[in-house]
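Hello,

Here is the structure I promised to pass on. Please open it first, then read the notes below.

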Amino acid sequence: MEVLLYTILTLCALGVLSAVILYFVAQKFRVEEDPRIDEVEKMLPGANCGGCGFAGCRGMADALVKQDDISSLFCPVGGGDCMKAVAAYLGKSAPEKEPQVATVRCGGTCEKRPRTNDFNGAKSCAVASSLYVGETGCAFGCLGFGDCVVSCAFDAIRMNPETGLPEVDPDKCTACGACVKACPKMIIELRKKWPKNRAVYVSCVSKDKGAVVMKACKAGCIGCGKCQKVCAFDAITIANNLAYIDPQKCKLCRKCVNECPTGAIRLVGMEPLPKAPKTPAAPAAPKAAPVAEKTAPAAEKAVESAKPAAEKAALASGQAAPAEVSKAAAVEKPAGSAAAPEKAAPNAEKAAPAETASKAE
């Protein structure tokens, strides 16, 4: 009994001694932490999504407190209001950043981009992308296995079974960028979030030439440049056989939507512009024939009416010709009359003796 009692007392003494030693060691090597970090962490959403670039909200709070310039730090989940509240608490200036939303830039639905094979491996975009181009002829399009859906912590993305493409709910999307990192084909982009969830963007990332694109997908961009020509804001550029619309320059005029021959430019939240009517020269051509038919009889009548006048003119010209001839003869007669007296002179001389003879008788 005494042995058991001594054992218990010894263990208790060792425990107390160890606790005292640990207390003094902790006080000696204590790391001072700014109490504001805890307060800032409470202000953050607590999603721990990594969209800010840190492993979690604790790391973001630590950086916000320790850095004097927080213009490069932004919480996409909390947004501008959250950052303003943190900046007001810390006495710093909050960064201004417009809201963004994840955009799936692929329009290759099951109908427009038919499957050419079946992948029997692990249903993962990362695995399939590391092995081959995919189940379709497009090497740039969505693989459709939903890695982006798994990576989203806010249930903002779902796979559409009819199209085989992911769809983003703009009201739930926080622009954390997790889906962008999870997509091996890089078809998801964080773009400017317009009011009323409106958007105009090129729903294609293929860099193949037009003929190759059309063989693989009927909704791909062929790099024809028609959209670039009609853009009045210089928001569209063509590079590597692919058009890109800059969301910072785009004014949502929608002219490019009507010009795209393949429908690669997608319009969201708005109605397309009415197509411009055809030039009036095309419909005016058929009407020219009836007009010509109507004018033909009038021309014929004019010709017929002109015939009598032409005949009269011809007759008048014919009568005028003999008159001119007679005038010319009249002009020539004086020369002939001068010879006539010469001939008449001998006759007069012959007639003179005859007259004298008759008088003598």
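**What turned up**

Asn240 is exposed, with a relative accessible area of 53%. Bear in mind that the model is predicted. Asn240 sits in the loop between strand 6 (236-239) and strand 7 (242-245). Its phi is positive, about 55 degrees, although Asn240 is not a glycine. Most residues other than glycine have a negative phi.

Leu252 also has a positive phi, about 60 degrees, and is not a glycine. Its place is the loop between strand 7 and helix 10 (255-259). Leu252 is buried, at a relative accessible area of 13%.

Next, a lysine. Lys185 lies in the loop between helix 7 (178-182) and strand 4 (188-192). Lys185 is buried, yet has no salt bridge. The nearest side chain of opposite charge belongs to Asp208, 10 Å away. A salt bridge needs a side-chain nitrogen within 4 Å of a carboxyl oxygen.

What does the side chain of Lys185 reach at 3.4 Å? The backbone oxygen of Val133. The backbone oxygen of Ala139 is 2.9 Å from a polar atom of the Lys185 side chain. Beyond its neighbours within four places in sequence, Lys185 is in contact with several residues, among them Ser129, Phe140, Gly141 and Leu143.

Last, the surface. Val16, Val20, Tyr23 and Phe24 make a nonpolar patch of about 420 Å². Val20 belongs to helix 1 (residues 2-28). Val20 is partly exposed, with a relative accessible area of 37%.

Best wishes

Technical notes:
Residues are numbered from 1 along each chain as its sequence is written. This is a predicted model: local features need pLDDT of at least 70, side-chain atom pairs count only at pLDDT 80 or more; totals for chains, interfaces and linings use all residues. Side-chain values use heavy atoms; hydrogens and water are left out. Patches are made of residues with over 30% relative accessible area and no salt bridge: like charges are joined within 9 Å, nonpolar side chains (Val, Leu, Ile, Met, Phe, Trp, Tyr) within 5 Å. Accessible areas come from the Shrake-Rupley method with a 1.4 Å probe; for residues, only the protein chains shown count as cover. Helices (H or I, at least four residues) and strands (E, at least two) are DSSP runs, numbered from the N terminus. Buried means under 20% relative accessible area, exposed over 50%, partly exposed in between (1.4 Å probe, protein chains only). Lys and Arg count as positive and Asp and Glu as negative; His and the chain ends are not counted. A polar contact is a pair of N or O atoms within 3.5 Å; within protein, one must be able to donate a hydrogen and the other to accept it, and residues adjacent in sequence count only if both atoms are side-chain atoms. Contact means heavy atoms within 4.5 Å.
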